[in-house]
Amino acid sequence: MSRSALVIGGNRGIGRAIAQRLVERGDRVAATYRTGDCPDGALPVRCDVTSSQDVKRAVKEAGEAHGPVEILVVNAGITRDKPLYAMTEEEFEATLRTNLTGAFLAAKHAARGMIRSRFGRIVFISSVVALSGEAGQANYAASKAGLIGMARSLAREFGGHGITVNVVSPGLTDTDMVAVLSEEQQQKLIGRIPLGRMAQPEEIAAATEFLTSDRTGYITGAVLPVDGGMGMGH
Ligand code: NDP
């Protein structure tokens, strides 16, 4: 069944691959961007996820074009890596604002329509470091762990309305976010991955598609690792 889907941060990397996958599945997809463009077949909607107004408008524009949002994927994320002693309050708060508050705003604005239609699929894109932690990523790991607590709370809150809320937890994935790391840093991280390689964005998209399908309505509050085994044991 074709659904109305909104991907927050659907212009680059993992989010772009997710938007593309949902378009290919036959969903009516809106994808947000601040820079660049969105995949063919997706309605591009300009949105800064740190702005409540922008998020509200994105949900409205997606709804006007495709019907009330039934599938929400919150993918927008940033890193501001630093050792704790060097990390500023601004770097801590900016990371939380984009990665965690942004997801709160998106879920809040999209949930109303889902509750009305008694159907919804919400997926937050977290990270393997949410549970393992990572030196230099206190802000990022905190924001990504926060997504798990928020998803599980919303899974309980919305369970009676036919809305599932799940988390996809990628490991090292071949995108701009990783391209900023030196070759040496990348190789060191790859050395910790049992499958011995990075993920491709399409592999994260496949897991996200699974959790947003009509057939997976009995999975909620789950954290699905797509990390080549990097986080096994958590
Ligand atoms: P990229 O840096 O390639 O893309 C980041 C995406 O987030 C872009 O679409 C960007 O949009 C969007 N974004 C950032 N800030 C905002 C904002 N304020 N408002 C709206 N959109 C915003 O990263 P990835 O594709 O690698 O990451 C996607 C998600 O996956 C992130 O949440 C990341 O934390 C997570 N992840 C990534 C991993 C990796 O190894 N790559 C590993 C684990 C998790 P724009 O360009 O328009 O600003």
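Analyst: Over residues 3-171 the chain is 49% helix and 20% strand. The end C-alpha atoms of that stretch are 28 Å apart. The model is predicted. The boundaries come from UniProt, where an unreviewed entry places the feature "domain: Ketoreductase" at residues 3-171.

Take the sheet next. Seven strands form an open sheet with parallel pairing. Their order is β3-β2-β1-β4-β5-β6-β7. β3 (43-46) and β7 (223-226) are the edge strands, and each pairs on one side only. On average, neighbouring strands are turned by 20 degrees against each other, direction ignored.

In general, strands of a sheet pair through backbone hydrogen bonds, either parallel or antiparallel. β5 covers residues 120-125 and β6 covers residues 163-170. They pair in the parallel sense over six bridges. Ile-125 stands opposite Val-168 in β6. Helix α8 (residues 201-211) lies across β4 (71-74), β5, β6 and β7. Against β6, α8 runs at about 165 degrees.

Now the helix packing. Two packed helices are described by the angle between their axes and the distance between the axes. For α2 (residues 52-66) and α3 (residues 89-117), the angle is about 35 degrees and the axes are 9 Å apart. The crossing of α2 and α3 is right-handed. On the α2 side, the contact uses Ser-52, Val-55, Lys-56, Val-59 and Gly-63. On the α3 side, Leu-105, Ala-106, His-109, Ala-110 and Gly-113 meet them. By class, the contact has five nonpolar residues, four polar and one charged.

Notes
Residues numbered from 1 in each chain as written. Predicted model: local features only at pLDDT ≥ 70, side-chain atom pairs only at ≥ 80, totals over all residues. Axes fitted to C-alpha atoms, helices over the stretch in contact; angles between N-to-C directions. Helix = DSSP H or I, 4+ residues; strand = E, 2+ residues; numbered from the N terminus. Left-handed = near helix turned anticlockwise from the far one by under 90°. Contact = placed C-beta atoms within 7 Å. Nonpolar A, V, L, I, M, F, W, Y, C, P; charged D, E, K, R; others polar. Pairing = 2+ DSSP bridges. UniProt positions renumbered as here; feature names shortened; annotations may be inferred.
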